[in-house]
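Please look at the sequence and the three-dimensional structure shown here.

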Amino acid sequence: MDLGDREQILYGKGYIEDVLCGCRFRISPRSFYQVNPVQTEYLYGKAIELAGLTGKELVLDAYCGIGTIGMITVIGVELNSDAVKDAIQNAKMNGIRNIRFFCNDATKFMMQMAMTGDMVDVVLMDPPRSGSTEEFIRAVAAVKAKRVVYISCGPETLARDLEIFAKYG
């Protein structure tokens, strides 16, 4: 979806704030945010549980948006520069210092990591409705992720992507 190139603030600060999972989040107009906080907290709690985190893993939050899931991880990657700005601000606002955000295509970012021999323990992914891509899934395999937690709102694209994941082991 294209939101256009121009924004005009008619009233207020030009962003909204919300509290989710005990953290405060700034959300700009071009950023993505889950709108059902009760279900989102449950969903993210389940994602963290399934990730099996002990605090020692290197976790990459692909498609990190404004950093909602990433506030408990280490690396957040998002192509939307407005969302990355929000994510950086959100980490500061919540006093979280153990996370780095990169404005980059997650596929390219992971392939660059793999080329330098870097690996990731867990990849959290919450792609758009269109799902992921084979190139992204190949990149997940390239960084030798031990676990992948895939949050999906599209059963058809999830099924398609799981077939691709199976192909890459």
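Helices (H or I, at least four residues) and strands (E, at least two) are DSSP runs, numbered from the N terminus. The model is a predicted one, in which local features need pLDDT of at least 70 and side-chain atom pairs count only at pLDDT 80 or more, while totals for chains, interfaces and linings use all residues. Residues are numbered from 1 along each chain as its sequence is written, and side-chain values use heavy atoms, with hydrogens and water left out.

The overall fold comes first. The protein has five helices and seven strands, and along the sequence these follow the pattern β-β-α-β-β-α-β-α-β-α-β-α. The radius of gyration (taken over C-alpha atoms) is 16 Å, close to the 15 Å that the globule rule (2.2 Å times the number of residues to the power 0.38) gives for 169 residues, so the protein is as compact as a globular protein of that length. Taken along the principal axes, the C-alpha atoms fill a box of roughly 50 × 35 × 35 Å. Of the 169 residues, 40% are buried; here buried means under 20% relative accessible area, exposed means over 50%, and partly exposed lies in between (1.4 Å probe, protein chains only). A contact means heavy atoms within 4.5 Å. Among contacts between residues at least 6 apart in sequence, 65% join residues at least 24 apart.

Consider next helix H3, which spans residues 106-115. Which residues of this helix are buried? They are Ala-106, Thr-107, Phe-109, Met-110 and Met-113. These residues cover an arc of only 165 degrees around the axis (the arc being that of the directions from the helix axis to the C-beta atoms), which puts them on the same side of H3. At its start, a side-chain oxygen of Asp-105 reaches to within 3.0 Å of the backbone nitrogen of Thr-107. Just after H3, Gly-117 takes a positive phi of about 85 degrees.

Helix H4 can be read in a similar way. In H4, Phe-136, Ile-137, Ala-139 and Val-140 are buried. They cover an arc of only 155 degrees around the axis, which puts them on the same side of H4. Among the elements that cover these buried residues are E3, H3, E6, strand E7 (147-150) and helix H5 (155-167). Just after H4, Lys-144 takes a positive phi of about 55 degrees.

The charged pairs are the next topic. Side chains of opposite charge can pair when their charged atoms come close. A salt bridge is a side-chain nitrogen of Lys or Arg within 4 Å of a carboxyl oxygen of Asp or Glu, and the structure holds six of them. One joins Lys-46 to Glu-49, with the closest N and O atoms 3.5 Å apart. Both residues lie in helix H1, three residues apart, about one turn of the helix. Lys-46 is partly exposed at 30% relative accessibility, whereas Glu-49 is exposed at 52%.

Another salt bridge is formed by Glu-134 and Lys-167, at 2.6 Å from N to O. Glu-134 lies in helix H4 and Lys-167 in helix H5, so the pair ties together parts that are 33 residues apart in sequence.

Where is Glu-57 placed? This residue lies in the loop between helix H1 (37-51) and strand E3 (59-62). Its relative accessibility is 15%, so Glu-57 counts as buried. Glu-57 forms a salt bridge with Arg-147, the closest N and O atoms being 3.7 Å apart. This pair links distant parts of the chain, since Arg-147 is in strand E7 and the two residues are 90 residues apart. Arg-147 counts as partly exposed, at 29% relative accessibility. The side chain of Glu-57 also reaches the backbone nitrogen of Thr-54 at 2.9 Å. Leaving aside neighbours within four places in sequence, Glu-57 is in contact with Gly-52, Val-74, Asp-121, Val-122 and Arg-147.

Definitions and conventions. A polar contact is a pair of N or O atoms within 3.5 Å; within protein, one must be able to donate a hydrogen and the other to accept it, and residues adjacent in sequence count only if both atoms are side-chain atoms.
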